Amino acid sequence: MASTRDIRRRIKSVKNTQQITKAMKMVAAAKMRRAQEKVQEARPYAAKIEEVVASVAKSSGGKHPMLVSRPVKKTGYIVLTADRGLAGSFNAQVIRLAVNELANKSRDQYSLITIGRRGRDFFKKREYPMSGEVVGLPDFPNFADIKAISEMVVNLYQDEVFDEVYLLYNEFINPIQQVPVMKKLLPLEDLAKSEQKEASYVPGGSSNKENTGYKPSYEFEPSAEAVLDKLLPKFAETLIYSALLESKASEQGARMTAMGNATDNASDMIDSLTLALNRARQSAITLQIMEIVGGAEALNS
């Protein structure tokens, strides 16, 4: 049985750890709120640019190389993880999704581009084929932070190094729920569906307006094809940036939840150790009383 001194030391150690996890939870909560705001600000922009690109694509006949599927010889996967741990299953669930996706593929059929140190270290250690990596991004990244890697991905697709590109990341649902998803980035063949969906969209619309089939009309100069050449790479880069914002918000949400659980577990451990300390003290006191009584009886006899 541990001595009371040992138990007190463990209680002090657990309390110190609890203070750290509590502080990390508060920091993660503050960062998560700010990251969530950036996600909510980015979503309308992404939706609008998707609407515009879909309209341009329809006007151009949808023949642009970035809109048309071709035989797949090599696939690129962009895997977004965090630079640090202590975020529950945040990193593990994205890595698991990627590993399961690649399990039945030959290594010459794909290549990885990792954003985040955890994912990079995992795949590099296991010698997965990699075409690029980005680490050390801030908690609130700007578009300029990933512009180089986004341009590289688009260029690799346009040069037909990749015939398909997928994004793997944690989608932010709410502060306690993050879902690992895999979405096709290129080719943008789903834009026709998005254009059809946007055709029924009415700002602040009612059901009556939706039935009118209203959709915005655009005029393109010098031509829809020329606009599309400039717009499609920007749209692909916007999708990567949106996924990064979702991943950053998810990371902070996961870290806040993990540190909250750690703080609660520390409280339970402190209660358990305090109970053990009281029992040890009571046992010591009982032993001392028994020794005193035994000594008194020995003197009387």
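## Aromatic pairs

Five aromatic pairs are present in the structure; rings of Phe, Tyr and Trp (its six-membered ring) count as paired if their centres lie within 6.5 Å, with planes under 30 degrees apart classed as stacked, over 60 as edge-to-face and the rest as tilted. The model is a predicted one, in which local features need pLDDT of at least 70 and side-chain atom pairs count only at pLDDT 80 or more, while totals for chains, interfaces and linings use all residues. Residues are numbered from 1 along each chain as its sequence is written, and side-chain values use heavy atoms, with hydrogens and water left out.

One of the pairs joins Tyr77 and Tyr110, which is edge-to-face because the ring centres are 6.4 Å apart and the planes lie at 75 degrees. This pair connects distant parts of the chain, with Tyr77 in strand β1 and Tyr110 in strand β2 (residues 110-115), 33 residues apart. Helices (H or I, at least four residues) and strands (E, at least two) are DSSP runs, numbered from the N terminus. Tyr77 and Tyr110 are both buried, where buried means under 20% relative accessible area, exposed over 50% and partly exposed in between (1.4 Å probe, protein chains only). Together with Tyr166, Tyr77 and Tyr110 make up one aromatic cluster.

An edge-to-face pair is also formed by Phe123 and Tyr128, at 5.1 Å centre to centre and with 80 degrees between the planes. Phe123 is buried, at 0% relative accessibility, and Tyr128 is buried as well, with a relative accessible area of 14%.

## Salt bridges

Across the whole structure, 11 salt bridges are found; the criterion is a side-chain nitrogen of Lys or Arg within 4 Å of a carboxyl oxygen of Asp or Glu. Side chains of opposite charge can pair when their charged atoms come close.

Glu164 bridges to Lys184, the closest N and O atoms being 3.4 Å apart. Here strand β4, which holds Glu164, is linked to strand β5 (residues 177-186), which holds Lys184, across 20 residues. Glu164 is buried at a relative accessible area of 15%, whereas Lys184 is partly exposed at 29%.

## A salt-bridge network

Arg120, Asp121, Lys124 and Glu133 are connected in a network of salt bridges. Within it, the side chains of Arg120 and Asp121 meet at 2.9 Å, N to O. Arg120 is buried, at 16% relative accessibility, while Asp121 is partly exposed, at 36%.

## Packing of α1 and α7

Helix α1 (residues 4-60) and helix α7 (residues 224-300) have axes that come within 5 Å and cross at roughly 160 degrees. Helix α1 is therefore roughly antiparallel to α7. Axes are lines fitted to C-alpha atoms, for helices over the stretch in contact, and angles run from 0 to 180 degrees between N-to-C directions; angles under 35 degrees count as roughly parallel, over 145 as roughly antiparallel, 65 to 115 as roughly perpendicular and the rest as oblique.
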